[in-house]
Amino acid sequence: MRNNQSKSKYVLWLVCLIALTGFPMKASADVPYRTFTEDSYERTIMTQSAYSPVGVLAQEIPVVNEKGETEYSSLQRPQDLFIADNDDIYIADTDNNRIVHLNEDGEFIRLITVPESPLKQPQGVFVVKNGDIFIADTGNKRVVHLDRNGKLLKEIGRPDSRFINDSFVYEPTNMVVDQRGFIYVVSKGSYNGIIQFTPEGKFDQFFGTNKTEVTLMDIIRRQFYSKEQLSRQVRLLPVTIRNIDIDEQGFIYTVSGSKTEQVKKLNIRGENIWKEKSFNENMFSIATSDSKELVENQLTDVSLDQNENVTIIDKSKNIVSQYDANGTLLFYWSGRSALGNSLVGLTLAPVAVETNSNKRLYILDEALNLIQVYEPTEFGAMVHEAYKLMQDGKYLEGEQYWNKVLKLNGHFSPAYKGIADAAFSRGEYERARDLFKLAGDGTGYSDSFWQIRLQWFQKNFSTLANYAIIAGLLLWILIKLKQKFNFRIMPKSSKLYKQTWFQQAKHVFYILKHPIDGFGDLRYLNKGGYISASVILILTVIMLLVKSFYTSFTYNPVPVYAKGSAYILTVFLAVWFSWVICNYLVGSIKQGEARFKDVFVGSCYSLFPVVLLGIPLALLSNVFTQSEASIYSAIEIGMILWSGLLFFWNIQALQNYGVGETVLNITLTAITMTIMWVLLFILIGLTSEFGNFIYTIYQEVSM
């Protein structure tokens, strides 16, 4: 037992030593969590801490009782946090029915309770530039508008409109106010979206409604269920919005519990300009790493800082993530606090996040009933400053910061992109191209290569034109000579021409012109063989490797070879042989005429368009930019469709099927492949469990 403990201590010290030497950051040892980012291949890597905890606020709120004595109370299930322009802090202390007002240092200023119309479980608070306070008074089903002194100015109750039916639920949980004075209210359980009110408090419209998420089973039900059965089903409704924020430019950010578009950036027309972006996916959570159950994301709030960096909190996983203004991940960290034994910097149930003018981060915890305060580390501050300079177009100034970031962490991919942008602005296109590749930026790589290609063409145009003229003349002379003397490159009398394998290889090109007749000849004239088919299969494997390794970075920014060539070969060959076996079995049952040899050879020959065009396309991609993406895609899609049609005609000709029978054969083959792989995985799992069972018995017997 002592030996095990000593070994554990040595391992712990070794891990700490590696962490300290690999990431020599000031004050990192005081941070009770680990910070991560993603490299250019979307792999999670550990980095220096971007923020360090500096303390907690609002643990004790002084309250003067009726006797004039000061008593201290704690927050009770607080739900929202807002930081005003002067860095004052406002907390929606929900279960205490009040708003707590603190200064930047957390010193108590006042309680806002609205004595003339008391608050009831307020869940949201927002302060505009002139100091007016808006409160989402959830329990009273209203939004309260107060002046800077806390005097009641207006109540905004349930919206009155002919477009809203009696079943509409109006329980405001949060709101924001834009520079025009329009009020955007989030209501609990409302699937209609954000409720937009005019500055006078009149209903204007619903804004930024989420889309209804439809599953495959829902589609199947609609096709086969009767109207009566569908009426009994739970009505499909859009997912409700959880929280809301607004930036200086008037863009509104929402957080929802949907599987797609969890974080939306809405313009004035309610359009989501972050439709293609995803957030907090595949993030490692220390809070859930010991749990075997899959914990889904529960994004609860989003906040913008002065540089428009977006901070998102995940309540279920205790993840704090930060993205730049374009939605690119900067870093994230995770760590769960223990109730009753909390550490500074660790949260238990974060519900709100805000950033003040000094770039301090404030996270409100409804379980711990306090605010965790963080400030940027040297590493985090340099990253933020570099991003700000790059967004302002100050590439040279930003490059200095990125170089410092790389000295601290050479795996931080955004730094390479920042330096690449600076090199591109100076006209150093070759250096920019290499740096964009390190950053995983296919667009930047393509733009740099376009400039390099343009310069090369301008320099060598006359030489290329001369070569083209000479090549054209030689081709014209060759055609004339062939017409006059009628010579052949490969005479029929040559030994090579008479070889069986050569005739079989030649027949592949005949199949491309006459697919049905050509596949029929494989069956009845024996014009195909295992050797030629195996050669095409091997060439297909080579094509896959060439395409993975030698396709331009412009079209392959996250290359498949990151998974390894063995992975590519294993997947392809497993699917391929599964197809051949299952297609032969289905054909045998469904009165097909093809032998196993016919299925194998015909399926191999059907791959020839992929071999014929795949390798040249991969090589050609290295002289293409994204401007020629339509040409590249057209060739790639045409290659796949051509091969797919050959598979169809192959089955039709070899099995002697009609069109309908061929479609049925392909469908049954796909189903059979699925069943075969499911059974295979079950067999592997049972074999593994049986092996563990035998080993357990052996251990017990040998003790």
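What follows is a short chat about a predicted model.

Trainee: Before we start, what are the ground rules here?
Mentor: It's a predicted model, where local features need pLDDT of at least 70 and side-chain atom pairs count only at pLDDT 80 or more, while totals for chains, interfaces and linings use all residues. Residues are numbered from 1 along each chain as its sequence is written, and side-chain values use heavy atoms, with hydrogens and water left out.

Trainee: How many helices and strands does the protein have?
Mentor: There are 17 helices and 27 strands, taken as DSSP runs numbered from the N terminus (helices H or I, at least four residues; strands E, at least two).

Trainee: And what share of the residues is buried?
Mentor: Of 703 residues, 44% are buried, meaning under 20% relative accessible area with a 1.4 Å probe, protein chains only.

Trainee: Why is strand S14 largely enclosed?
Mentor: Six of the six residues in S14 (172-177) are buried, so the rest of the structure largely encloses S14.

Trainee: Which strand does S14 join?
Mentor: S15 (residues 183-187), antiparallel, through five bridges; pairing takes at least two DSSP bridges. Met 175 has Val 185 as its bridge partner in S15. The two strands make a hairpin with five residues between them, and Gly 181 in the turn has a positive phi of about 100°.

Trainee: Switching topic, what's the strand order in the open sheet with S19?
Mentor: S18-S19-S20, with antiparallel pairing. S18 (241-246) and S20 (263-266) are at the edges with a single partner strand each, so one side of each has no neighbour in the sheet.

Trainee: How many bridges between S19 and S20?
Mentor: Four, linking S19 (residues 252-256) to S20. Val 255 has Val 263 as its bridge partner in S20.

Technical notes:
Buried < 20%, exposed > 50% of the residue type's maximum accessible area, 1.4 Å probe, protein only.
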